[in-house]
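Let's take a walk through this structure together, moving from helix packing to the core and then to some backbone details. Please keep the view open as you read.

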Amino acid sequence: MIVAERKKIPELVEMLKGHKKILVLGCGTCVTVCLAGGEREVSIISSALRIASRNSGYDFEIDEMTIERQCDNVFIEQAAEAIAKHDVVLSLGCGAGVQAIAERYSEKPVYAGLNTSFLGVLEERGVWTEKCSACGSCVLHKYGGICPITRCAKHMLNGPCGGSREDRCEVRPDRPCAWQLIYRRLKGIGELDRLKNIEAVKDWSTSLDGGVRMLIREDHRI
Amino acid sequence: MNNQPLNIYLFHCTNSLDTETIRRSLGEREKDHTFKTISLPCSGKLELIYLLKAFESGADGVALVTCKHGECRYLEGNLRAQKRAEAVRAILEEIGLDKERMKLIQQGDGGVQSLIDELDRFIERIRNATAESFESS
């Protein structure tokens, strides 16, 4: 899922000053699960903004709303009436959600209330870890299901680098060495031979190279 | 000296203390200040938004009374409450308010009297902070 975290309240106040009627718009999907932009966080951020507004002499009038998905027009429509009544939207969606709302309501300022961080998983309560870089050409099958691009600090496809100490990454000693994990995993599933292969330089044309990526499924377009 | 009455919100766990006992112990203090007591089935029930709403509604200070460490009826409710109080203190700091306006009071061996003593110190601190901000404005 997409993992995000909220911006600090002073940054939001700075962003919103000059506006009066503000709609704080949450998203019920990824950012709800990572406790950044769901209904609960909408109420927390709204409340904090009301207190900050009163404290700094601004005159914010803040309303709250959460839709199921900000990245989907079907759900965005549900916010149309509320958005029309406000001067500005503070979106607590991920970067995709903020842009989807901004595109749909081209005459309304739409600001990001979150910093979209990464694609990751929940490791334990309150802890998320990045797992995927969305490079567009998945190599997980070659590395026992552990992504060296995302999880190795040096993004090495032919590792290890030799710098790890006691299973820990030399760049971030608080993190495990991805190549140690890859070795253990491949050994566990009996595929250690894969490490004898030299992986060629990655073709990054499926990633951010060459501009915005699109996915078109012709079979779903009728 | 600023003797302005304060609005104090008091969240407490009903397993360690009942509202009636608190109100009785507050005694004369209720003439000087407005106390709003909110009882919870467990302090772990507390959500961040409850505490923020208290400040949004005009609380000068919010105290959260939890059970003694290791004595939560639901094992870790008081630990959760402590984390949430810390989160609210961090938000208050971001906003530019004195984080000490959010106070966690853990029940000790001294019973309700030690709670009231702690509350008195809390009120005094807020009163001084309010007076300072009043003088500097």
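At roughly what angle do the axes of helix H1 (residues 9-16) of chain A and H3(A) cross? Before answering, please note that this is a predicted model. The axes of H1(A) and H3(A) cross at roughly 70° and come within 10 Å. Angles of 65 to 115 degrees count as roughly perpendicular, so H1(A) is roughly perpendicular to H3(A). The crossing in which H1(A) passes H3(A) is right-handed. On the H1(A) side, the contact is made by Ile9(A), Leu12(A) and Val13(A), and on the H3(A) side by Ala48(A), Leu49(A), Ala52(A) and Ser56(A). Sorted by class, the residues of this contact are six nonpolar, one polar and no charged.

Stay with H3(A) and turn towards chain B. The axes of H3(A) and H3(B) cross at roughly 25° and come within 9 Å. H3(A) and H3(B) are therefore roughly parallel to each other, and H3(A) passes H3(B) in a left-handed crossing. From H3(A), the contact draws on Arg40(A), Ser43(A), Ile44(A), Ser47(A), Ala48(A), Arg50(A) and Ile51(A), while H3(B) brings Leu48(B), Ile49(B), Leu52(B), Lys53(B), Phe55(B) and Glu56(B). In terms of class, the contact of H3(A) with H3(B) has seven nonpolar, two polar and four charged residues.

Eleven residues of chain B are in contact with twelve residues of chain A. Which elements give two or more residues to the side of chain B that touches chain A? They are H3 and H4 of chain B, and H3(B) supplies the largest share, six residues. That side of chain B is made up of seven nonpolar, one polar and three charged residues.

These two helices of chain B also pack on each other. Helix H3 (residues 48-56) of chain B and helix H4 (residues 77-95) of chain B have axes 9 Å apart, at an angle of about 45°. That angle makes H3(B) oblique to H4(B). Here H3(B) passes H4(B) in a right-handed crossing. Leu48(B), Leu51(B) and Leu52(B) from H3(B) meet Arg84(B), Ala87(B), Val88(B) and Ile91(B) from H4(B). By class, this contact has six nonpolar residues, no polar ones and one charged.

What about the interior? In soluble globular proteins, nonpolar side chains tend to be buried together. In this model, the largest nonpolar core has 72 residues, and Val31(A) and Leu64(B) are those with the most contacts inside it. Helix H3 of chain A gives the most to this core, with seven residues. A second, separate core has eight residues, among them Tyr143(A), Ile146(A), Cys152(A) and Ala178(A).

Beyond its neighbours up to four places away in sequence, Val31(A) touches residues including Ile2(A), Gly37(A), Gly38(A), Leu92(A) and Leu114(A). Gly37(A), Gly38(A) and Leu92(A) are also among the contacts of Gly26(A), along with Val42(A) and Thr66(A). Gly26(A) sits in strand E2 (residues 21-27) of chain A. Is Gly26(A) buried or exposed? Gly26(A) counts as buried because 28 C-beta neighbours lie inside 10 Å. For contrast, look at Lys36(B) in strand E2 (residues 34-40) of chain B. Lys36(B) has 14 C-beta neighbours inside 10 Å and so counts as partly exposed; away from its sequence neighbours, Lys36(B) touches Tyr9(B) and Leu10(B).

Finally, some backbone details. Most residues other than glycine have a negative phi, and most peptide bonds are trans. Leu35(A), however, has a positive phi of about 60°; this leucine is in the loop between helix H2 (30-33) and H3 of chain A. His155(A) also has a positive phi, near 55°, and is found in the loop between H7 and H8 of chain A. That loop holds Pro160(A) too, and the peptide bond from Gly159(A) to Pro160(A) is cis, with omega near 0°.

Terms used
Residues are numbered from 1 along each chain as its sequence is written. Chains are lettered from A and ligands numbered from 1 in the order in which they are written. This is a predicted model: local features need pLDDT of at least 70, side-chain atom pairs count only at pLDDT 80 or more; totals for chains, interfaces and linings use all residues. Axes are lines fitted to C-alpha atoms, for helices over the stretch in contact, and angles run from 0 to 180 degrees between N-to-C directions. Helices (H or I, at least four residues) and strands (E, at least two) are DSSP runs, numbered from the N terminus. Angles under 35 degrees count as roughly parallel, over 145 as roughly antiparallel, 65 to 115 as roughly perpendicular and the rest as oblique. A crossing is left-handed if the near helix is turned anticlockwise from the far one by less than a right angle, and right-handed if clockwise. Two residues are in contact if their C-beta atoms, placed from the backbone, lie within 7 Å. Ala, Val, Leu, Ile, Met, Phe, Trp, Tyr, Cys and Pro count as nonpolar, Asp, Glu, Lys and Arg as charged, and the others, Gly among them, as polar. A nonpolar core is a set of buried Ala, Val, Leu, Ile, Met, Phe, Trp, Tyr and Cys residues joined through C-beta atoms within 7 Å. A residue is buried if 20 or more other C-beta atoms lie within 10 Å of its own, exposed if 12 or fewer, and partly exposed in between; C-beta atoms are placed from the backbone.
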